[in-house]
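Hi everyone, thanks for coming. I'd like to walk you through a few spots in this structure, so let me put it up on the screen.

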Amino acid sequence: MGDLKQHSLIKAQERLRDQVGHALRAALIAGQLEPGRVYSAPTLAADLGVSATPVREAMLDLAREGLVEPVRNKGFRVTEVSERDLDQYTELRTLIEVPTIGVVTRIAAKEALEELRPIAQEIVTQAREHNLIGYLEADRRFHLTLLGLAGNERLVETVGDLRKRSRLYGLTSLDKAGLLVSSAEEHLELLDLMLAGDAPAAEACMRRHLGHVRSLWADQAE
């Protein structure tokens, strides 16, 4: 009986860690946690109304994603993303995702592609409702599920890591400027081209989408 109780406590702690991580990501997106600034786990815990332990655990998760970095005896510093970083992340994503979209267009069943339409529409809906956390989650599911149809799990993991390191940048500014919806609608365009079996056009759309996102980041940084 004692073992079962311990198991229950562990699961509860894991759920709290996930909840704290979700709240911290929301704060990063909203700009409430500033790049370059150091935050201590006890201070963040007090703000969130929880103990310091799940905050430290959640911050370590964010550190593994490259969003923060530990600072000895002080806490965690929010990672600053340079223009060079963004250029390199975009270049890598383009090298990986554009040809993979072509492969998926040629080999994927139309039923599997059509199943992604509700997610593509959800991306647009979340953008229109200014729900940035919902937007990011739907966008992540769409892209990684789509790439997963190529059958290469390591490729999906790599792109997922690149997205974590770059995708938060400037999202709030893009939303306030009214530019997020047009970027969101490109997912529907991409899906329609893939369903039509037009691999070259789908690859071109994916390249344009990634370039569009990068140019929007640059516009907001100026």
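This is a predicted model: local features need pLDDT of at least 70, side-chain atom pairs count only at pLDDT 80 or more; totals for chains, interfaces and linings use all residues.

Now, how far apart are the ends of H8?

Which residues of H8 are buried? Those are Leu155, Val156, Val159, Gly160, Leu162, Arg163 and Ser166. They take up an arc of only 165 degrees around the axis, so they sit on the same side of H8.

Okay, over to Glu65. You'll find Glu65 in the loop between helix H3 (52–64) and strand S2 (68–71). Buried or exposed? Glu65 has 12% relative accessibility, so it counts as buried. If we skip residues up to four places away in sequence, Glu65 touches Arg25, Lys164 and Arg165. With Arg25 there's also a polar contact between the side chains, at 2.4 Å.

Last stop, Leu116, in the loop between helix H5 (110–114) and helix H6 (117–128). Leu116 counts as buried because its relative accessibility is 3%. And what does Leu116 touch, again not counting residues up to four places away in sequence? That would be Phe142, Thr145, Leu146, Leu149 and Leu191. One more pair to look at: Leu116 and His187 are 71 residues apart in sequence, and their C-alpha atoms are 9.8 Å apart in space.

Note on methods. Residues are numbered from 1 along each chain as its sequence is written. Side-chain values use heavy atoms; hydrogens and water are left out. Buried means under 20% relative accessible area, exposed over 50%, partly exposed in between (1.4 Å probe, protein chains only). Helices (H or I, at least four residues) and strands (E, at least two) are DSSP runs, numbered from the N terminus. The arc is that of the directions from the helix axis to the C-beta atoms. A polar contact is a pair of N or O atoms within 3.5 Å; within protein, one must be able to donate a hydrogen and the other to accept it, and residues adjacent in sequence count only if both atoms are side-chain atoms. Contact means heavy atoms within 4.5 Å.
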